[in-house]
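Subject: Handover of a structure

Dear colleague,

Please find below the structure that I am handing over to you. My findings follow directly after it.

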Amino acid sequence: ESILSRIRSFEYSQKHAVLIPVAALGAGGVLLCWFKSGRRMKIIDMGDGWWGSGERTHKGKEDLSIRPFKIVTSDEEIEDLHQRLDRFRFTPHVEGAAFHYGFNSSYLQKVVAYWRNQFDWHKQVEVLNKYPHFHTTIEGINIHFIHVKPSHVPHGRAVRPLLLVHGWPGSFYEFYKIIPLLTEPAKHGLNEGDVVFEVICPSIPGYGFSEAPHKKGFDSIATARIFHKLMSRLGFREYYVQGGDWGSRITTNMAQMLPQCVKGLHVNLVFIARQGLGSLIRTMLGAYIPWLVGFTREDARRYYPFMQKNVYDILRESGYLHIQATKPDTAGCGLNDSPVGLAAYILEKFSTWTDKSFLHKDDGGLESKYSLDELLTNVMIYWVTASIVPSMRYYKENFSNDPDLSAHNRVGVYVPTGIAAFPQEIAHVPRVWAKDVYRNIITYTYMPRGGHFAAFEEPKLLAEDIMQFVQKVEQL
Amino acid sequence: CSSLAGIMLLEVFLVLGTLLVYFLFSKKKEETLPFKDGWWGRGQKPVTKEDSSIRPFKVETTEEELSDLFRRLDQARFTEPLESSCFHYGTNSVHLRKVVSYWKNQFNWKKQVEVLNKYPQFKTKIQGIDIHFVHVKPPHLPEGQAAKPLLMVHGWPGSFYEFYKIIPLLTDPASHGLGDEHIFEVICPSIPGYGFSEAPHKKDFNSVSAASVFYELMLRLGFNEFYTQGGDWGWLICTNLAQIAPNHVKGLHLNMVSVSKLGLTHLLSVLLGRYFPGLFGFQDEDVRRMFPFLKKGLYRILSESGYAHIQATKPDTVGCGLNDSPVGLAAYILEKFSSWTDMEFRNLEDGGLEKKFSLDDLLTNIMIYWVSGCIVSSMRFYKENMQKGIGTQKHEKLTVQVPTGIASFPNEILHTPQAWAKKKYTNIVSFHFMPRGGHFAAFEEPELLAKDILQFVDKVEKEQLWKKK
């Protein structure tokens, strides 16, 4: 009885002694599970696809060979181009139009004259061929890429593989100035420690020398998967990825798809759909009390006035996006037939997206940042490959599947990320908002100058930022 | 206590009074829209008086024009469509090739030029630019009857040619079984920047400018009172004309109506109109045409307005290639004749193009854009009208008191119910749901449209409605 009473007396405190820790453990365990599941890295499903024409033949494995490729041109091609330039039908612009109605037709006449009489496509083809080009078949289509290795690697330095992805209306050619800064930094006065890269620049399927998909539905997820397969085929298991415009979205998807393969992700444009009441409130408050919502002074300077920069400017500049996302075959038809029309359409972007104030200039300020040779070489890539229509279809495929580009925001990006925020980029995304999706931002740099075509316009600035980012990642 | 109640009552009355005053005075004033004078010629306006002569005009073509066209058609570069894409990605290039082949081998532009010239055409200089117009008088008038002047205005990507099938029904109705109570003489101008009308050389030529120019044209032709009819841009220009000169416009007939001043009632009627149509003044046919709203309203606007977005912002860019590639121009224009005639045509491999139109008619319209080189200036009209935003301009806030007749076609891009239209058009005399037809009413269903115009004019004339304003 005394034992019983003892036990009984024990029971209360024992109960507590047992129950409380058990309850705590239980609750803690549940909490931990919930916490971890919220924190557990979600990934994008890789899926699979086949984009060749007709029915897929199942006999035999896909050809995995990597075939060297050289860009060629012919007299007929150039003669045909010249004839079309010669018979271009010009429309005078209204008085005082500058670039407010689109590409100024008086300036366009000067560009066409240069194109016809001074631009040397044979010479530019040799420039393009200075880096090794290859083709390989993935998911039924030919993928074009250039692969540049450093000519010599200083003793003790590791070579990092870096995938650079272009956008629209750009091409692999946008990277030609930055590649030497990344493969041989020392030679160009860049000395970011031990970082040296071998660079792979593919062409997005449907752009340039990559075959266009023959089936519907080819979006950035499919592109991300194909580029992973490309890197794997080249023997890389871990690599860095970098991109702007569509390249930013593709490399982000790559990091969300196979985070274990992506050592670091660097973007010069953040594609984020800001949704919800929360962002609206933060926007309104941020105009008056930026620090309260996590904006820096530079964020405020670039982001406001809100209506002007984020609504009016974007409405004014997104007509192309609207028509390409709905009727790409119509929009591109005439551009594949009229090289001048193609040039006007593409070069208008190189003007306005480099600096918004260029709208007020009669010549669109184009030659203040680029040479006509470079600009026309990029246009020629679209022309000789007749890829303008498939390049536009990419908009429809992406926006149809994901109208506000937010489907994968919840998945987030956990790979170490570096963001280079250029001042003249079309829209500014503050770090505090980028963090909603990019959960592991290692560097976020306010670049001193430059616009949308960062690699093309400010290769040194971009290269330096990529290097300092990779340096930091390597030390993690 | 009573004084407190007294104060409260006073406050309530004050608030109610203010609201009453507000509502009374915020009712849209019956203002007229001011006539918009301008000078659209090149350089400075000369001091000498403008030449106001009316010169006959004939469409012409040359061998060089044709051989240049053929060479471009021969060397056209097409892009293969995606498998099973029909017209969902825009004009299908497989079908486009067939059209181009017809264009080159069977379409006879010389013959079509003769067709165009069968109606008398003229040019006259107004506000510094040459205005082209067709002027067709009735072949015979019964004793004692006067022809009623009717101004018909086209839109984009149409032209004066859209009216060629309806003109005889209006100038000679008796020969077409339509009765001869009302016989018209028809004036179809080309909007400046379209077809054979000169394009403005200065910025800011919008629908009010076009309405002012056409008003001057009608006065110059000696018409003091006339009817107007239009769809697409013609809808807006004729509406503006009725707002500028309500005492001169006897009646306004529209085959398309768009409302740009949207408010809370519109939002509510979109959300609830399907369930409580009566509450919002919707008829059964309104509900059938407007709902489900996401599909028939919002998604349709988004998927079909890319062209308007880019033309309203960068017309010189988007038009550039189209003025250089006839195939590109054809693809761009034909796409509209497909989806704006029937949205379901997007699911067809040939876009249903020849279901309602002949290739000859479609190509003649395209040729007008090609030979006049007017595609870029035609697109600028979007920018001049929309660059300040939609719903912000003065004319959008004013109402229309002129007797109005509306023919509502079922396959029009967006349906506007009478309940919404009457907020702007305060004097709707007739509103009919047409049994079939789309956006290009005069081109596709000339007889249906002519009958509706005739019954409308009949009402206006019989009840002398224009005098009651």
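Within chain B, 43 residues of domain 1 are in contact with 41 residues of domain 2. Please note that this is a predicted model. Domain 1 of chain B covers 55-118 + 292-390, and domain 2 of chain B covers 124-261 + 395-468. Taken over C-alpha atoms, the centres of these two domains are separated by 24 Å.

The area buried between domain 1 and domain 2 of chain B comes to about 3500 Å², and carbon and sulfur atoms give 63% of it. On the side of domain 1, the residues that lose the most area to domain 2 are Trp340(B), Phe381(B) and Glu384(B), which together account for 20% of what that side buries.

In a salt bridge, the side chain of Lys165(B) meets that of Asp361(B), at 3.4 Å from N to O. The count of residue pairs in polar contact between domain 1 and domain 2 of chain B is 18, with both residues at pLDDT 80 or more.

Several elements of chain B each supply at least two residues to the side of domain 1 that touches domain 2: β1 (54-57), α4 (109-116), α10, α11, α13, α15 (359-372) and α16. The largest share of that side, 9 residues, comes from α16(B). By class, the side of domain 1 of chain B that touches domain 2 has 23 nonpolar, 10 polar and 10 charged residues.

I turn now to the interface between the chains. The contact involves 59 residues from chain A and 57 residues from chain B. Between the two chains, about 5000 Å² of area is buried, with carbon and sulfur atoms giving 48%. In chain B, the residues losing the most area to chain A are Arg77(B), Tyr89(B) and Lys314(B), together 18% of what that side buries.

Between chain B and chain A the count is 4 salt bridges. A salt bridge joins the side chains of Lys327(A) and Glu304(B), at 2.9 Å from N to O. The elements of chain B that give two or more residues to the side touching chain A are α2 (63-74), α10 (293-304), α11 (306-311), α12 (315-322), α13 (326-339) and α16 (375-386). That side of chain B has 17 nonpolar, 21 polar and 19 charged residues.

With kind regards

Conventions: Residues are numbered from 1 along each chain as its sequence is written. Chains are lettered from A and ligands numbered from 1 in the order in which they are written. This is a predicted model: local features need pLDDT of at least 70, side-chain atom pairs count only at pLDDT 80 or more; totals for chains, interfaces and linings use all residues. Side-chain values use heavy atoms; hydrogens and water are left out. Contact means heavy atoms within 4.5 Å. Buried area is the accessible area (1.4 Å probe) that two parts lose on being put together, summed over both. Helices (H or I, at least four residues) and strands (E, at least two) are DSSP runs, numbered from the N terminus. Ala, Val, Leu, Ile, Met, Phe, Trp, Tyr, Cys and Pro count as nonpolar, Asp, Glu, Lys and Arg as charged, and the others, Gly among them, as polar. Domain bounds come from an automatic or database domain assignment. A polar contact is a pair of N or O atoms within 3.5 Å; within protein, one must be able to donate a hydrogen and the other to accept it, and residues adjacent in sequence count only if both atoms are side-chain atoms.
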